[in-house]
Amino acid sequence: MTSQAPQAPAVEASADGDMVLQIQDLKKHFGVSSGFLFARSKGSLKAVDGVSYDIERGETVALVGESGCGKTTTARCILLLEKPTAGHILYRGDDVVTMKRDVLAEYRKGVSAVFQDPWSSLNPRMKIRDIIGEPMAINWDISREQRKERVGQLLNDVGLHAYQMELFPHEFSGGQRQRLAVARSLALDPDLIVLDEPVSGLDVSIRAQIMNMLKDLQEQYKVSYLLIAHDLGTVRYMAHKVAVMYLGKIVEHGHASGATGVFEETLHPYTKALISAALPSHPDIVREEIVLRGEVPSPVNPPSGCHFHPRCPWVMDVCSQVEPERKEWRPGHSVACHLYDPDHMATPIEDLDQAPRVY
């Protein structure tokens, strides 16, 4: 009998449909040029190319995929560290891309981030009370004593002690510094926190503690998470919904767990390959190994049709000619693949194990 990985609890949608963030056809293209004195344009690198998904209050949405698929660029656009080439980022119904300065200030208070390396994101010359309290001093009209009290409360919430606010970042371990980064991200009581590989640089035992802490804080503060990760174990434990990215596009999106979840009923061949390459939750679990052909194509010159077709074991003629649209295959579970498009197949394939493969 094999044990199953812990699953994230179900999120109940609020009565008024409390949507924190809506990403609609988001694109971010970078110009590519050659030469130095007489630079010539060589086209554009489509880091994010038409991404759409929603984040509701109190839920965790994970973006997963190989390095270079566009996960971090998507997060940078949401944090306004990059200006989107096209598309919409709706925060409480307002488009962030066209927001006025005063409204944009509210957005910056409502969305914060925790990065992979806490050491580089914490000012080594500032005490913890100032690192966590600085956002409050800038955005809130509260006294020094009120800031100090809230800093102490946040430190307690992340498993540290209030007296440690008088210390400097170098006096903490790596796991403790990540706790400090989480405390700072909660300083202004945000609606959404972008978690960019929050546990990938930590020891395995510390990872579990940080993940449990994040889940507890989500329940306490009713905050939403956008989780950027490549470790599927972390995603399966923390996420309520999963969006799988490949070359700037979402190829599969759905609930993380449940009878029709992404991990239980995987649809897209790329997602199947990712899961087959991940370590199982128990050593007795046997998985079929799916080896993809070739390397990830260049986003500057992506393949025609489906970007994944040169590496797909179930490729068809239509895959190189027509780009698949992401369509709902089951309630709450969508996929961009011709294998599940009745317009291109006489009989849609529900079980890819029964489909012919190309090696």
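**Exercises on a mixed sheet and its helices**

Ala113 stands opposite Val194 in β7. The model is predicted: local features need pLDDT of at least 70, side-chain atom pairs count only at pLDDT 80 or more, and totals for chains, interfaces and linings use all residues. Residues are numbered from 1 along each chain as its sequence is written, and side-chain values use heavy atoms, with hydrogens and water left out.

**Exercise 1.** State in which sense β6 and β7 pair, and over how many bridges.

*Solution.* Strands are DSSP runs (E, at least two residues) and helices are runs of H or I, at least four residues, numbered from the N terminus. Two strands pair if DSSP finds at least two bridges between them. Between β6 and β7 (residues 192-196) there are four bridges, and the sense is parallel.

**Exercise 2.** Give the strand order of the open sheet and identify the strands at its edges.

*Solution.* The order of the eight strands is β6-β7-β8-β3-β9-β10-β12-β11, with mixed pairing. β6 (111-114) and β11 (327-330) each have a single partner strand, so one side of each lacks a neighbour in the sheet. From one strand to the next, the twist averages 25°.

**Exercise 3.** Find the angle that helix α2 makes with β6.

*Solution.* Axes are lines fitted to C-alpha atoms, for helices over the stretch in contact (heavy atoms within 4.5 Å); angles run from 0 to 180 degrees between N-to-C directions. Helix α2 (residues 101-110) lies across β6 and β7, at about 35° to β6. Helix α7 (residues 204-221) touches β3 (60-64), β7 and β8 (224-228), and its direction makes about 150° with that of β8.
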